[in-house]
Amino acid sequence: MGTVLYILAFLVSFAVVYLLIPPLGRLAFRLDFVDKPREGVERKLHREPIPLTASYAIYLGFATAYLMLAEWNGYETMAVLAGGALLLVIGTIDDWYKTQGRDFPSLPKALVQIAAAVLVYLSGIEFSGFYNPLIDDYVLLPGWLQCVLTILWIFGVTTVINFSDGMDGLAGTLSAISAGTLFIVALVKGQSHSAMMAIILLAAAIAYLKYNKPPAKIFMGDAGATFLGFVLSVIALDGVFKQATLLSLFIPILALGVPIFDNLFVVFKRLIQGKPIYQADASQVHYRLLRAGYNNRQALALLGLLSLCLGLSSIILLLVEA
């Protein structure tokens, strides 16, 4: 029965996203809600206006399948959907600024991301501690530290997926691989709720990629990228981080390895150069690959392969631990 539910959840999420994206794309052109090329801006790789409305299809696809087929967990279910909705709203405002050729201030975005993380923490999804084999005991962290680490994890993963959304197909591919990896991990650990969230998100990301693969016909914008990162972070908290050992703490970090390690490099580089962390530039690895002579498809294939290898490493780590 569990397998049937996972397949059904995948199909529902995929179908909703796949069917909603074309009409939402047409609506974006009518409303002029499109990302326009900007001369002299290296981050703007496209040469034609691209709709910014895929985020709504992704959210609705996830929410529909989640409400239909996932186990109702009260405040946890509400927190995931409400937190995602908050990110969708602030992301839409940010994306609207892009349509005007302007950048939205980073502080309001950061505050809303933190608010979404707080909602999740208050619902009971949290990083509470880990099993330490050296003392053969579970280390329960102080309440304040549980709160801080939970919010930092959600905020961090949300941010790094958003920062990775700078090239056709990249954020969707990395999110799909990470979701697929976390789905396998959740199945092995017998965590049905996080497995259900992961398979639903995987389907949404794959459906989106049908339209976002190079050359992209639609973008998900900040609204979609932050939502994908937010849900991925919650899946890890609800799954592998529960009753984690010291070794298994590295599993979600490897599963999300490419965006995490790349953006840690970018953040440290900006700090060293005295630049604001949130100042948009072209220092992410995909831009560096393009400057090195790779085309979009080649850079995407390379980063996707690297992400897949890190995902497989996390699964191997899980099996070694077992």
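The structure is a predicted model, in which local features need pLDDT of at least 70 and side-chain atom pairs count only at pLDDT 80 or more, while totals for chains, interfaces and linings use all residues. Residues are numbered from 1 along each chain as its sequence is written, and side-chain values rest on heavy atoms, with hydrogens and water left out.

The chain holds 12 helices and 5 strands. These elements are DSSP runs numbered from the N terminus (helices H or I, at least four residues; strands E, at least two). The C-alpha trace spans about 60 × 45 × 35 Å along its principal axes. Buried residues account for 56% of the 322 residues. Buried means under 20% relative accessible area, exposed over 50%, and partly exposed in between (1.4 Å probe, protein chains only). The chain exposes about 14100 Å², and carbon and sulfur atoms supply 70% of this area. Accessible areas come from the Shrake-Rupley method with a 1.4 Å probe; for residues, only the protein chains shown count as cover. Of the contacts between residues at least 6 apart in sequence, 74% join residues at least 24 apart. A contact means heavy atoms within 4.5 Å.

Strand β3 (residues 129–132) pairs with strand β4 (residues 137–140) in the antiparallel sense, over 4 bridges. Pairing requires that DSSP finds at least two bridges between the strands. N132 stands opposite D137 in β4. The two strands form a hairpin with 4 residues between them. In the turn, D136 has a positive phi of about 50 degrees.

A search of the whole structure finds 11 aromatic pairs. Rings of Phe, Tyr and Trp (its six-membered ring) pair if their centres lie within 6.5 Å; planes under 30 degrees apart count as stacked, over 60 as edge-to-face and the rest as tilted. The pair of Y18 and Y211 is tilted, because the ring centres are 5.3 Å apart and the planes stand at 40 degrees. This pair links distant parts of the chain: Y18 is in helix α1 (residues 2–31) and Y211 in helix α7 (residues 192–212), 193 residues apart. Y18 is partly exposed at 34% relative accessibility, whereas Y211 is buried at 14%. Ring pairs link F10, F14, Y18 and Y211 into a cluster.

F127 and F241 form an edge-to-face pair, with 5.3 Å between centres and 65 degrees between planes. This pair also links distant parts of the chain, 114 residues apart. F127 lies in the loop between α4 (106–123) and β3, and F241 in the loop between α8 (221–238) and β5 (244–245). F127 is buried at 10% relative accessibility. F241 is buried at 7%.

R270 lies over the face of F163, 5.5 Å from the ring centre. A charge sits over a ring if NZ of Lys or CZ of Arg is within 6 Å of the ring centre and within 35 degrees of the ring normal.

Two backbone features remain. The peptide bond from P214 to P215 is cis, with omega near -10 degrees. P215 is placed in the loop between α7 and α8. D32 is not a glycine, yet has a positive phi of about 60 degrees. D32 lies in the loop between α1 and β1 (34–35). With a relative accessible area of 39%, D32 is partly exposed.
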